Amino acid sequence: MSIEIRNLHIEYPDHLLFDNVSLSATPHEIIAIETKVLDGGTSLLKGIAGFLSGVSGQVLIDGVDLLAPTDPESAFKVGYVYEERGLLSIYNIYQNICLPLQFHTDMTAAEIAQEAHYVCDLLQIDDGLFDQHPHHLNDVQTRTVNLARALIVKPRLLLIDELEGGMSDEFLQDTMERLKERQRDHPMVVLITTASDIVMELADRVLKIENQDLVEALA
Amino acid sequence: MNTLKPESSERENQPEGSPPQNSWRIIEFFGRRPREVAIFLLDIIGLISIALAASKHLVKPKRRRIFLNLFIRQLYNTGVRALYINGMIAIFIGALLMSRLFDYIPQQVISTQYSYLFVVIVFRELGPLISGIILISRSATAVTSEIGFLRMTREFQVLHGLGINPVFMFLLPVFFAFPISLFLMFIYFDFVCLLSAYVFIWFSDPDISFLTFLANILEQITLNEVSINAVKALLGGVMIGIISIHFGAKAADSFDDVSHAISNSTTAQLMSFFLINVVLSILAYTQ
């Protein structure tokens, strides 16, 4: 299994953001992208996930291009963790976490519940939150639930947009460790934009955004 | 003097023999409205075809279950929670209009004439119109603001990221629930109106039997009238729902957009719904 980004080009009508970005990654790898305010880190992740228009290039997962609009399996290949919001307000937390499996698979409610409880236990999401709605959660809880929903589909590429906001160092380190634990059971490439030293220390590689491209950051 | 300068310079820049600037503006104004209406109608037709195409998802039992939850939520919000206001207006119409009308009809023809007038006024016209107005003011505005809010908070993008078509989650439940709710509101309105009219008539004439009163009115209702009301509910409900989605989805980044979407969609819905009612009534009931 491999993930390869080839010649990614992200352009807004008035602004070229990324030009000719290429990157290869192997499973079990966590790649941190060091970001600063407004340097395009979020747009890069959204471009890779196929959320933006004005994107060209390829994001190949096992040779299949994620950016090709006809790939019906893309929901199971990529998980996306939003920096803020990202949950559906019409559903409670449990329904938000289970929705991808309910919509895309033939799993029974019991099987889905088992998966949901597994990822929630892993990420220390309290069962008491299940009946709450997204507006009841704080930023950290929202991001953790986002992460649980992304992990439940066992994606092969996990894109995380600044996990650390509002998290204590201990909680962030713990969450990263648990992410690695999940990665051992279900191989995936994790691409995470961050400004946190903890995340960069725990990552296998650290890149930074420079001249509309990704380059290796110096240790 | 200064204010005249731009005008004179505009005129100087125009080619010889071309109409003056104001004429272009008038032509542009009259040309823009039909263009906007044509685009709006094409959008509505497009949304209806998208909704029909998305209905294929309902074949899968798991997706059908997700849909049913959203559909029941919509039906409850649209139909059930409107019963109170629908019932209150029906009581007022029955008490103030239909029971008074009873007093003005000569006794010799009361059983046929009153029933006929009840069907013509309430069943054919007032029931559908008032129910539609309640649907627009209570539920359609709520759907428009909900869709606008979902757009603002990028929840459609979230669904896209999960490989779920937002049309399935938000358009389909409205597409199916609005016509059904509207038809049920028609029936409920007619029944409550009939009941309240009877109660107020009974105060002045206690000898009148409810069953006879009901039977006389039911006798006047033909299959044609029921079918026309069903068509009004179907077309009206679909149009009201689709217009809500259309304008809600146009909201982009600010609450201001949502406010505009609500007022524009309410205007378009009232015009469309009245037009559908008038056209269908004329086609069906003109002798």
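This is a predicted model: local features need pLDDT of at least 70, side-chain atom pairs count only at pLDDT 80 or more; totals for chains, interfaces and linings use all residues.
View 1. The side chains of A:Glu29 and A:Arg205 form a salt bridge with an N to O distance of 2.8 Å, a salt bridge being a side-chain nitrogen of Lys or Arg within 4 Å of a carboxyl oxygen of Asp or Glu. Because A:Glu29 lies in the loop between β2 (15-25) and β3 (30-34) of chain A and A:Arg205 in strand β9 (residues 205-210) of chain A, the pair ties together parts that are 176 residues apart in sequence; helices (H or I, at least four residues) and strands (E, at least two) are DSSP runs, numbered from the N terminus. A:Arg205 also forms a salt bridge with A:Glu216, the closest N and O atoms being 3.8 Å apart, and this pair links strand β9 with strand β10 (residues 213-216) of chain A, the two residues being eleven residues apart. A:Glu216 is partly exposed, at 48% relative accessibility.

**View 2. A salt bridge between two helices of chain B.** The closest N and O atoms of B:Glu125 and B:Lys232 are 3.7 Å apart in this salt bridge. B:Glu125 belongs to helix α5 (residues 110-152) of chain B and B:Lys232 to helix α9 (residues 223-248) of chain B, so the pair ties together parts that are 107 residues apart in sequence. B:Glu125 is partly exposed, with 25% relative accessibility, whereas B:Lys232 is buried, with a relative accessible area of 0%.

**View 3. The interface between chain A and chain B.** In this interface, 22 residues of chain A are in contact with 21 residues of chain B, contact meaning heavy atoms within 4.5 Å. The area buried between the two chains is about 1900 Å², of which carbon and sulfur atoms give 64%; buried area is the accessible area (1.4 Å probe) that two parts lose on being put together, summed over both. Helix α3 (residues 93-104) of chain A gives the most to the side of chain A that touches chain B, with five residues. The count of salt bridges between chain A and chain B is zero.

**View 4. Surroundings of B:Met169.** Leaving aside residues up to four places away in sequence, B:Met169 touches A:Ile90, A:Tyr91 and A:Leu99 of chain A, together with B:Ile66, B:Leu70, B:Leu159 and B:Ile164 of chain B.

**View 5. Positive phi angles in two loops of chain A.** A:Arg85, in the loop between β6 (78-81) and α3 of chain A, has a positive phi of about 55 degrees although it is not a glycine. A:Glu162, which is not a glycine either, has a positive phi of about 45 degrees and is found in the loop between β7 (157-161) and α6 (169-185) of chain A. With 22% relative accessibility, A:Glu162 counts as partly exposed.

Technical notes:
Residues are numbered from 1 along each chain as its sequence is written. Chains are lettered from A and ligands numbered from 1 in the order in which they are written. Side-chain values use heavy atoms; hydrogens and water are left out. Buried means under 20% relative accessible area, exposed over 50%, partly exposed in between (1.4 Å probe, protein chains only).
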